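Let us look for the open spaces in a protein. Have the sequence and the 3D structure ready.

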Amino acid sequence: MQIERAERLKKLPPYLFKELDRLRDEVRAQGVDIIDFGVGDPDLPTPDHIVEALKKAVEDPSTHRYPSYSGMNDFRDCVARWYKKRFGVDLDPAREVIVLIGSKEGIAHIPLAFINPGDLALVPTPAYPVYHTGTIFAGGESYFMPLLEENDFLPDLNAIPEDVAEKARMMFINYPNNPTSAVAEEDFFRRVVDFARTYNIIVCHDAAYSELAFDGYKPMSFLQVEGAKEVGIEFHSLSKTYNMTGWRLGFAVGNAEVIQGLGQVKSNIDSGAFNAVQMAGIAALEGDQTCVEENCRIYKERRDVLVAGLRSAGLKPIVPKATFYVWCRIPENTTSTDFSMRLLKEAGIVTTPGNGFGEPGEGYVRFALTVPVERIEEAIERIKKLGV
Ligand SMILES: *Cc1c(COP(=O)(O)O)cnc(C)c1O
């Protein structure tokens with residue numbers, strides 16, 4: 001029998017990290033001590049009080065049944081309270097909050113609710129790949145908005161051609177940003193709301209890193225801007241804030257009709273996040289937040305060591321105000337892929353080449369701060385020895 005994959009899979013961009021993954025496995029098999037700055041997955045454990053809440057919840061048989069489609073009322077109420085407290089934004093938990101099996105799930109599914117075959121979505125580049133792949137799976141096409149350093153890694157809305165804006169049905173944005181670590185302020189979000197209103201575009205803001213920020217900086221919610229709730233929604237995740245990537249819990253909030261559209265897709269595909277995990281999520285959002293402060297303190301310390309070290313090695317990292325990534329310019333005589341390969345082959349250091357997130361990421365590599373300080377120091381020594 002001949003097994004052929006559907007066109008939508010053939011349309012996916014080539015996986016640029018394949019060669020690098022192969023090389024990493026090869027280098028590791030040679031017995032090299034690898035320092036891995038590649039993965040955006042916290043190395044720190046989930047705080048104890050959240051693990052304890054899960055244990056308790058899982059022993060209650062009522063959690064063992066199918067969850068409700070849009071999420072437990074208690075968790076949605078808790079999200080609304082957290083939003084009010086954290087951002088001063090009012091949400092109706094019944095209509096303006098939906099629980100997700102990790103925010104990636106919701107981001108991947110939402111184009112199915114609003115994109116018809118041939119429709120356009122406005123998608124940043126370089127970016128988290130799911131905005132584009134979700135659009136493709138819905139039969140849509142991405143119009144890529146480059147994130148350039150000269151524009152502080154914000155999309156230039158004025159550069160979007162009129163006919164593209166007229167045709168676009170959705171726009172994805174993500175601040176604090178992965179992979180560039182850039183942050184957005186109120187004036188940018190205001191321009192997005194104006195643009196979305198003018199052209200009737202649904203805005204999806206991915207705020208996965210809203211709680212990971214340094215030096216007293218507090219990222220704002222897109223929904224804090226007047227009129228934002230008319231045009232869009234915001235995705236959040238417990239993954240990065242509480243080191244819960246494996247638990248699969250996130251949520252989306254904002255425009256009730258958009259939330260309902262996403263809910264309709266989901267109710268036909270999945271059956272919601274495990275109730276016990278949602279109860280642990282309540283413990284996370286409602287419990288003592290010193291664990292979040294402690295997380296930020298740890299990432300800030302790592303950031304400072306990495307940034308200072310890379311500078312002393314002659315590189316030009318951008319100092320992030322938020323996220324656990326450092327976006328670093330590479331030397332001029334090389335490419336992102338060659339530079340990453342060289343760090344791996346000659347120093348046993350894994351980084352992610354910027355062009356893997358989209359062409360305008362060429363000229364940069366991304367370091368994830370998911371490595372302890374001693375290992376960062378060791379990596380810096382190796383880079384200095386290598387000479388870049
Ligand atoms: C990690 C990440 C997410 C997804 O997190 P989930 O674990 O699926 O909640 C979403 N967006 C960005 C930009 C991320 O880096």
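Some questions and answers about pockets follow.

This is a predicted model, where local features need pLDDT of at least 70, side-chain atom pairs count only at pLDDT 80 or more, and totals for chains, interfaces and linings use all residues. Residues are numbered from 1 along each chain as its sequence is written, and side-chain values use heavy atoms, with hydrogens and water left out.

Q: What is the volume of the largest pocket?
A: On a 1 Å grid over the protein atoms alone, a pocket is an open set of points where a 1.4 Å probe fits, with protein on both sides within 12 Å along at least five of seven lines. Points are joined across faces, edges and corners, and a volume is the space filled by probe spheres set on them. For the largest pocket that gives about 1300 Å³.

Q: Which residues lining the largest pocket are the closest to its centre?
A: Lining residues have an atom within 4 Å of a point. The largest pocket has 47 of them. The closest to its centre are Y15, F17, Y128, P129 and F357.

Q: Which helix gives the most to the lining of the largest pocket?
A: Helices are DSSP runs (H or I, at least four residues), numbered from the N terminus. Four residues of this lining come from the top contributor, helix 6.

Q: Where does the second largest pocket lie?
A: Domain bounds come from an automatic or database domain assignment. Domain 1 (7-45 + 290-386) and domain 2 (48-286) both give residues to its lining. Therefore the second largest pocket lies between domain 1 and domain 2.

How values were computed
Helix = DSSP H or I, 4+ residues; strand = E, 2+ residues; numbered from the N terminus.
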